Amino acid sequence: MFNRIAVVLRGHVRTWHQIKDYIFKDYSKIAKSVDYYFVTWDIPGLDETRIIDSFNGQNLVKFLKVSTEEHYNGARGPSWLAHSISKYFIDTSYDAVIEARPDVIPFYNEKNDFTFNGCLHVIWESSTPYEN
């Protein structure tokens, strides 16, 4: 188990409000402390307050809306969102930083393996392996 991780949730909100409890539960299984960073597109109808309030009881460090004027496409959009929020955690000490979509549920199985069906990127991990 990690001591402290950052989870960068980036992308469209989509099903976030329906699956957020599963996301919180599964990340808490792999770390004693989880800091969340949420970055999404600034689109009409986005309810920023509802998203922030959905982190009740969790440690949401930063919520960020990014303009759709540039990089709003499938090729560059995801990496642009991750880049846009990275300055808020780059100087913080984490055992791992995980980048994932807010509309994908991670799956933690009995073997302590964490799988995401290709939707997870560990963008930084310390050299200290976690203990099962």
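The structure is a predicted model in which local features require pLDDT of at least 70 and side-chain atom pairs pLDDT 80 or more, whereas totals for chains, interfaces and linings use all residues. Residues are numbered from 1 along each chain as its sequence is written, and side-chain values use heavy atoms, with hydrogens and water left out.

The protein chain contains 3 helices and 7 strands. Helices (H or I, at least four residues) and strands (E, at least two) are DSSP runs, numbered from the N terminus. Read from that terminus, the order of elements is β-α-β-α-β-α-β-β-β-β. Of the 132 residues in the chain, 42% are buried; buried denotes a relative accessible area under 20%, exposed over 50%, and partly exposed the range in between, with a 1.4 Å probe and protein chains only. The chain exposes about 7700 Å², of which carbon and sulfur atoms supply 47%.

Helix H3 (77-86) illustrates how the elements cover one another. Its buried residues are Gly77, Leu81, Ala82, Ser84, Ile85 and Ser86. The cover over these buried residues includes E1, E2, E3 and strand E4 (96-100). In helix H1, His17 is likewise buried, with a relative accessible area of 18%. When residues up to four places away in sequence are not counted, His17 touches Arg50, Ile51 and Ser54.

The whole structure holds 7 salt bridges, a salt bridge being a side-chain nitrogen of Lys or Arg within 4 Å of a carboxyl oxygen of Asp or Glu. One of these joins Lys20 and Asp21, with 3.3 Å from N to O. Another salt bridge joins the side chains of Glu48 and Lys65 at 3.1 Å, N to O. Because Glu48 belongs to helix H2 (residues 48-53) and Lys65 to strand E3 (residues 59-66), this pair ties together parts that are 17 residues apart in sequence. Both residues are partly exposed, Glu48 at 30% and Lys65 at 36%.

A further salt bridge is formed by Arg101 and Asp103, whose closest N and O atoms are 2.9 Å apart. Arg101 is partly exposed, with 31% relative accessibility, whereas Asp103 is buried at 15%. Through salt bridges that share partners, Arg14, Arg101 and Asp103 are joined into one network.

Aromatic side chains provide another set of side-chain pairs, with 12 aromatic pairs found in the whole structure. Rings of Phe, Tyr and Trp (its six-membered ring) are paired if their centres lie within 6.5 Å; planes under 30 degrees apart are stacked, over 60 edge-to-face, and the rest tilted. Phe24 and Tyr36 form an edge-to-face pair, with 5.2 Å centre to centre and 70° between the planes. This pair links distant parts of the chain, with Phe24 in helix H1 (residues 16-28) and Tyr36 in strand E2 (residues 31-41), 12 residues apart. Both Phe24 and Tyr36 are buried. These two rings also belong to a cluster in which ring pairs link Trp16, Phe24, Tyr27, Tyr36, Phe38, Phe55 and Phe63.

Two backbone angles complete the description. Most residues other than glycine have a negative phi. Arg14, however, has a positive phi near 40°. Arg14 is located in the loop between strand E1 (2-10) and H1, and its relative accessibility of 55% classes the residue as exposed. Arg14 is also a member of the salt-bridge network with Arg101 and Asp103. His71 is not a glycine either, yet has a positive phi of about 65°. The position of His71 is in the loop between E3 and helix H3.

Note on methods: Contact means heavy atoms within 4.5 Å. Accessible areas come from the Shrake-Rupley method with a 1.4 Å probe; for residues, only the protein chains shown count as cover.
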